Amino acid sequence: EVEKYLNYSELISGLDKNIMEEKFINLQKNLFNTMEWSIENIKEEDGIVVAIVEVTNKNYKNIIIEWLKQIVELKSETEELSNEESLQVLEKILIENNNGTQSVIKKIQLMEQDGEWKIIVDDELINLVYPGIEAIDSVL
């Protein structure tokens, strides 16, 4: 149901533009396959709907730390690591799902476009659907 309000492509491609290739369809699915969400509050402000949403998803801080660790280990074993190999490592980590979950409550905005409400993809939304990524982003 969320798909009619949200452009997942825009949200996913923010991680890596190559993720949108067909060969990474399983990786795409595993980004959100355990995500649960609930709407806590909704109000309209100046033509924009603001919703307070709680999301529980994989802990992306732990996932990215593990991903970087494995990439560094692989690069020490080989001279070259392709982007495809790097994304395969990420997919394996997502499938194993050993990095815990995290719940986050954030404010998201929806704007009416062509008679339909669409979720605005911004930093708040990214930090909501990828819990823990905010901590990594501030370090990098």
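## Basis of the model

This is a predicted model, in which local features need pLDDT of at least 70 and side-chain atom pairs count only at pLDDT 80 or more, while totals for chains, interfaces and linings use all residues. Residues are numbered from 1 along each chain as its sequence is written, and side-chain values use heavy atoms, with hydrogens and water left out.

Helices (H or I, at least four residues) and strands (E, at least two) are DSSP runs, numbered from the N terminus.

## The sheet

An open sheet is formed by 4 strands in the order S1-S2-S3-S4, with antiparallel pairing; two strands pair if DSSP finds at least two bridges between them. Strand S1 (36-45) and strand S4 (116-119) are the edge strands, each pairing on one side only. On average, neighbouring strands of this sheet are turned by 25° against each other, direction ignored. In a regular strand the side chains alternate between the two faces of the sheet.

S1 pairs with strand S2 (residues 48-58) in the antiparallel sense over 9 bridges. Within this pairing, serine 38 has glutamate 54 in S2 as its bridge partner, and asparagine 41 stands opposite isoleucine 52 in S2. The two strands S1 and S2 form a hairpin with 2 residues between them, and aspartate 46 in the turn has a positive phi of about 55°.

S2 is joined to strand S3 (residues 101-113) by 11 bridges, and the two run antiparallel.

Methionine 111 stands opposite lysine 118 in S4. S3 and S4 also form a hairpin with 2 residues between them, in which the turn residue aspartate 114 has a positive phi of about 50°.

## Packing of H2 on H4

Two packed helices are described by the angle between their axes and the distance between the axes. Axes are lines fitted to C-alpha atoms, for helices over the stretch in contact, and angles run from 0 to 180 degrees between N-to-C directions. For helix H2 (residues 25-32) and helix H4 (residues 83-96), the angle is about 40° and the axes are 9 Å apart. H2 and H4 are therefore oblique to each other (angles under 35 degrees count as roughly parallel, over 145 as roughly antiparallel, 65 to 115 as roughly perpendicular and the rest as oblique).

Contact (heavy atoms within 4.5 Å) brings Asn26, Leu27, Asn30 and Leu31 in H2 against Leu87, Leu90, Glu91, Leu94 and Ile95 in H4. The residues of this contact of H2 with H4 divide into 6 nonpolar, 2 polar and 1 charged; Ala, Val, Leu, Ile, Met, Phe, Trp, Tyr, Cys and Pro count as nonpolar, Asp, Glu, Lys and Arg as charged, and the others, Gly among them, as polar.

## Packing of H3 on H4

Helix H3 (residues 60-77) packs with H4 at an angle of about 135°, with the axes 10 Å apart. That angle makes H3 oblique to H4.

On the H3 side, Tyr60, Ile63, Glu66, Trp67, Gln70, Ile71 and Leu74 meet Ser86, Leu87, Val89, Leu90, Lys92, Ile93 and Leu94 in H4. By class, the contact of H3 with H4 has 10 nonpolar, 2 polar and 2 charged residues.

## Aromatic pairs

The count comes to 2 aromatic pairs, where rings of Phe, Tyr and Trp (its six-membered ring) pair if their centres lie within 6.5 Å, and planes under 30 degrees apart count as stacked, over 60 as edge-to-face and the rest as tilted. One of these is the tilted pair of phenylalanine 32 and tyrosine 130, at 5.7 Å centre to centre and 35° between the planes. Phenylalanine 32 lies in helix H2 and tyrosine 130 in the loop between helix H5 (123-129) and helix H6 (133-139), so the pair ties together parts that are 98 residues apart in sequence.
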